[in-house]
Amino acid sequence: MRIRVDPDKCQGHARCYGLSPELFDVDDYGQASVIVDEVPEELEDKARLAVANCPEYAIEILSE
Amino acid sequence: MPQTTPVSDWARDFDVLDPRYVNDPFTIWDDLRSSCPIAHTDRRKSSWLPTRYEDVTTIAHDIEHFSSLKVAVIPGDEDGDPNENFDGPNLEYGLPPISSDPPLHTWTRRLLLPWFSHRRVDTYVPLTRGLCRGLLDGFADTGHADAAAGYAQQIPVRVIAHILGVSTDMSDTFTLWVRDILEFADDAERRQRGAEGLLNYFLEQLEFRRHNPGEDLISQLLQEEVEGEPIDDGIILGIAALVLIAGVDTTWSAIGSSLWHLATHPEDQKRLAAEPELMPLAVEELLRAYSPVTMARVVTEDVEFSGCPMKEGDKVLMNFPAANRDPEAFDHPEVVQLDRSHNRHVAFGSGIHRCAGSNLARMELQVALEEWLHRIPSFSLEQGKEIAWAGGQVRGPRVLPVVF
C-alpha cells in the first residue's frame, strides 16, 4: 500500500500522527507528511484509520 | 448577568444563552437539522446557526464570503473602537491569527504554530502530569470533589502561564478575566473588566520583557522580525491575549465534559481502565461528542447559502459541536463509542483556522483523564448536588460535584 498527504488540503489537525505515528509526521507549522515509501502490511489498518479520521479528507491511498 | 427571553421558535429566534440550549443543545440541534438546518435569530445581531456537518465545513472553507474579523459568538461591543477604553498600542487587529483573514492571518499563525507543535507539546507533558497529580493529592482521599472547579479548571491555565512565561500565581485572576470575556460576554461590565485587566497586564509584561527578554512566547515575539521589520506591539499584545483566552476555558471545558461523561457512564470508566491503549481514540471521541467551542464568522457580501439569504454583516455561528453530532457524518452520533474508528470530527474547526493549540489541548485532555482514572478509577455524580453548565462560545461544566 502507498499513501499520500495532499499538502493543499492538510491543515495540521495532526490526527494522522496522533493515531498512526509509524506512518506520519507533522512539521512545526502543521504540515503532515508520510514517512514511509511503502506501508508495511501490518500497518495497513493504521493507514486506513488515519484516512478515516482526517477532517480535511487530505489523505489518499494511492495503491493497495 | 442579563436574562434572556425564553425561546419558543428555535428556527427563527434562537438564543445560544437560553438555559435549555446551554444545558442540552443536542435535542435542539437534532430538531433543527431535520426541519430547518440553518436557523436564524435577530437577537443581539442578525445571526445564522448551521447544524449540518457539510454546511459548517463548507462555510469554514469559504473565507471569501465568511470572514474571521469578528469571531465572538456573543458580539458585545465588537463594532466599537477597541482602543476606546485602552490607552496602549493599536488593537485594531484584534487577536490575530484567530480574528484575521489572510494575509495577516498567514504570517501571525506561522509565528504561533511552532509553540504548539507536537514536538513542543511533548515537552509540556511532565509539567501537566505534575499539575494533575498535585491537584489529585489535594482531594483524592476525601471521597468527593468538584471535578470542574477543583480539577479541570486548574490545569490548562497553568500550562498556558508557563508557555507565556508568567507567574502561575496569576492563574485565578486569568481564569476570572477569561470567564468575563467569554462566559459573561453579555454583561458589559464584566466583559470590560476582563478585557481591561488582561490587556493592561500583558502591556506591562511587554514592557518588562522588552528590557528583560526570556525564553517565553512574548519575549520571542518582541525579538522577531517579519520582512525586516519588528512586529507591531498591538499584534504581539493580541497574540498573547489570544493564547490565554483560547487556551483556558476551552480545554478546561473539554476535560470537565469528559469527566461528566465518565461519571455518568460507569461502563466507559471500566473500559478505559481495562484498555488504556484506547485512550487516543477515546480522547477524540469525547472531543467529538462534547466539542466545547463555537466560533463566529461575519458575512462579507450578500450571499445565498443553502437557501438562506445571508446579508453583509450578518454573523454565522460556526456550530462545530452540532456538526459533530450530524448523523449524515457520524454513525449513531448520539452514542459515545470510545473506540470509534471513523471520526472526522471538527472540534478544533476546519480549514485555515484549525485551532492552533489543538495538539496542546489534546495532550492536556489525555493526561488529565489518565491521571484522574489512575487515582480515582471509579466515581459518580454526587446525588442531590446541582451541576452548572456554561455555554455560548464555550460549553462545559462549571460545577461538577462527584463522589468516589
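Which residues of helix 8 of chain B are buried? I looked them up and got Ile155(B), Pro156(B), Val157(B), Val159(B), Ile160(B), Ala161(B), Ile163(B) and Leu164(B). I use buried for under 20% relative accessible area, exposed for over 50%, and partly exposed for in between, with a 1.4 Å probe and protein chains only. Helix 8 spans residues 155-164, and eight of its ten residues are buried, so it is largely enclosed by the rest of the structure. Gly165(B) follows this helix with a positive phi, near 75 degrees. Helices (H or I, at least four residues) and strands (E, at least two) are DSSP runs in my notes, numbered from the N terminus.

**Ground rules**

This is a predicted model, so I note that local features need pLDDT of at least 70 and side-chain atom pairs count only at pLDDT 80 or more, while totals for chains, interfaces and linings use all residues. Residues are numbered from 1 along each chain as its sequence is written, chains are lettered from A and ligands numbered from 1 in the order in which they are written, and side-chain values use heavy atoms, with hydrogens and water left out.

**The sheet in chain B**

I traced an open sheet of five strands in chain B, in the order 1-2-10-7-3, with mixed pairing. Strand 1 (38-41) and strand 3 (66-67) of chain B are at the edges with a single partner strand each, so one side of each has no neighbour in the sheet. For pairing, I go by DSSP finding at least two bridges between two strands.

I started at strand 1 of chain B, which pairs with strand 2 (residues 47-50) in the antiparallel sense over four bridges. Thr41(B) has Ser47(B) in strand 2 as its bridge partner. These two strands make a hairpin with five residues between them, and Arg44(B) in the turn has a positive phi of about 65 degrees. Ile38(B) and His40(B) point one way from strand 1, Ala39(B) and Thr41(B) point the other way, and all are buried.

Next I went to strand 7 of chain B, where five of five residues are buried. Met295(B), Arg297(B) and Val299(B) point one way and Ala296(B) and Val298(B) the other. Strand 7 pairs with strand 10 (residues 315-318) of chain B in the antiparallel sense over four bridges, and Met295(B) stands opposite Met318(B) there. Strand 7 also pairs with strand 3 of chain B, antiparallel over two bridges, and I found Val299(B) opposite Phe66(B).

**Off the end of strand 7**

Which residues gather in the patch of negative charge on the surface? I have Glu64(B), Glu301(B), Asp302(B) and Glu312(B). Asp302(B) is in the loop between strand 7 (295-299) and strand 8 (303-305) of chain B. Patch residues have over 30% relative accessible area and no salt bridge, with like charges joined within 9 Å and nonpolar side chains (Val, Leu, Ile, Met, Phe, Trp, Tyr) within 5 Å. A salt bridge here is a side-chain nitrogen of Lys or Arg within 4 Å of a carboxyl oxygen of Asp or Glu.

I checked the peptide bonds and found a cis one joining Pro96(B) and Pro97(B), with omega about 5 degrees. Another cis peptide bond joins Pro102(B) and Pro103(B), with omega about 10 degrees. Pro97(B) is in the loop between strand 3 and helix 4 (104-112) of chain B, and Pro103(B) is found in the loop between strand 3 and helix 4 as well.

I also looked at positive phi values in residues other than glycine. Tyr57(A) has phi near 50 degrees; it is in the loop between helix 2 (44-53) and strand 4 (59-63) of chain A. Tyr57(A) is partly exposed, at 48% relative accessible area. His332(B) has phi near 45 degrees and is partly exposed at 47%.

**A last contact**

How many residues apart along the chain are Asp24(B) and Trp389(B)? They are 365 residues apart, with their C-alpha atoms separated by 9.4 Å. Asp24(B) is in the loop between helix 1 (19-23) and helix 2 (25-35) of chain B, and at 31% relative accessibility Asp24(B) is partly exposed.

Note on methods:
Areas by Shrake-Rupley, 256 points an atom, 1.4 Å probe, with all protein chains shown as cover. Lys, Arg positive; Asp, Glu negative; His and termini not counted. Charge placed at Lys NZ, Arg CZ, Asp CG, Glu CD.
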